[in-house]
Amino acid sequence: MPADHTGAEGAGAARDDFIDASLFLGMHSSDEGLRVAAKAFFVRRLEGRVVMSLEQVGRCDDVIWGYSRELQDLYYPFMDHLHTVMDISREGYDQADVRLALSDSDTPQQLPFIDRMLIGQVINRKGLLHTAGPRSAAFEGLPVRAVPAWPAGEPEPSFPEPLERLYLTSLALRLPLGRGASPEGV
């Protein structure tokens, strides 16, 4: 897969789909509806490309590193394989992202600064942020879309093998994420 990026070289290209830590970690939510909805997002885009800020990648690791070594050993093979087979472009912020994050007219002041940085990056690169976080209502009017709830009774989508097998094993780690709660910092 592509190397990590630090700039917006593709800023003039088609609209990028950005993801945040809440969506990525949502695949391991203890809330089944959220878990399946987040998983479906990735299953449907496995052949496509998504962008994740380096900070959001680090936020995922920060949450996972808070769990036992045994649970990490069950989780990381799935995550590592997903990052290998899916085009997840991990990109750092650039000066234009930061300028937009600091602009009261582009990013609402009531958002936590970490969200302003992410939104600044998304706006600068003409992208669309997909999130599962409970704070998505605070993003009204911004290029942000909350992953919709998974319809009751719909079968759960599957990753191709061996990714699905790794995913099922990784579910030994379940996170207290839900539409109304998330771990600190996500």
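**Entry 1: Lys39**

I began with a side-chain pair: the side chain of Lys39 makes a polar contact with the side chain of Glu156, at 2.8 Å. I note here that the model is a predicted one. I placed Lys39 in helix H2. Is Lys39 buried or exposed? Its relative accessibility is 0%, and buried means under 20%, so I put Lys39 down as buried. Leaving out residues up to four places away in sequence, I found that Lys39 touches Met27, Glu156, Pro157, Ser158, Phe159, Glu164 and Tyr167.

**Entry 2: helix H7**

Two of those neighbours, Glu164 and Tyr167, came up again when I turned to helix H7, residues 163-170. I listed the buried residues of H7 as Leu163, Glu164, Tyr167 and Ser170. Looking down the axis of H7, I saw that these buried residues fall within an arc of 120°, so they line one face of the helix. Which helices do they pack against? I wrote down helix H2 (32-44) and helix H4 (69-85).

**Entry 3: the largest pocket**

I looked up the largest pocket next and noted a volume of about 160 Å³. Its lining has 13 residues, and Ala37, Phe41, Arg44, Val147 and Pro148 lie nearest its centre. The elements that give two or more residues to this lining are H2 and E5. Of the elements, H2 gives the most, with four residues.

**Entry 4: Met52**

I then went to strand E2, residues 49-53, where Met52 sits. Met52 has a relative accessible area of 1% and is buried. I checked its contacts, again without residues up to four places away in sequence: Met52 touches Ile19, Asp20, Ala21, Phe24, Val57, Cys60, Ile88, Ser89, Arg90 and Glu91. I also took one distance, C-alpha to C-alpha: Met52 and Leu118 are 9.2 Å apart in space and 66 residues apart in sequence.

**Entry 5: confidence**

Last, I went through the pLDDT values. The mean for the protein chain is 87, and 85% of its residues reach 70 or more.

Technical notes. Residues numbered from 1 in each chain as written. Predicted model: local features only at pLDDT ≥ 70, side-chain atom pairs only at ≥ 80, totals over all residues. Heavy atoms only, no water. Buried < 20%, exposed > 50% of the residue type's maximum accessible area, 1.4 Å probe, protein only. Arc of directions from axis to C-beta. Contact = heavy atoms within 4.5 Å. pLDDT = per-residue confidence, 0-100. Polar contact = N/O pair within 3.5 Å; in protein donor to acceptor, adjacent residues only side chain to side chain. 1 Å grid on protein atoms, 1.4 Å probe; cavity = no way out; pocket = protein on both sides within 12 Å on 5 of 7 lines; lining within 4 Å. Points joined across faces, edges and corners; volume = space filled by probe spheres on them.
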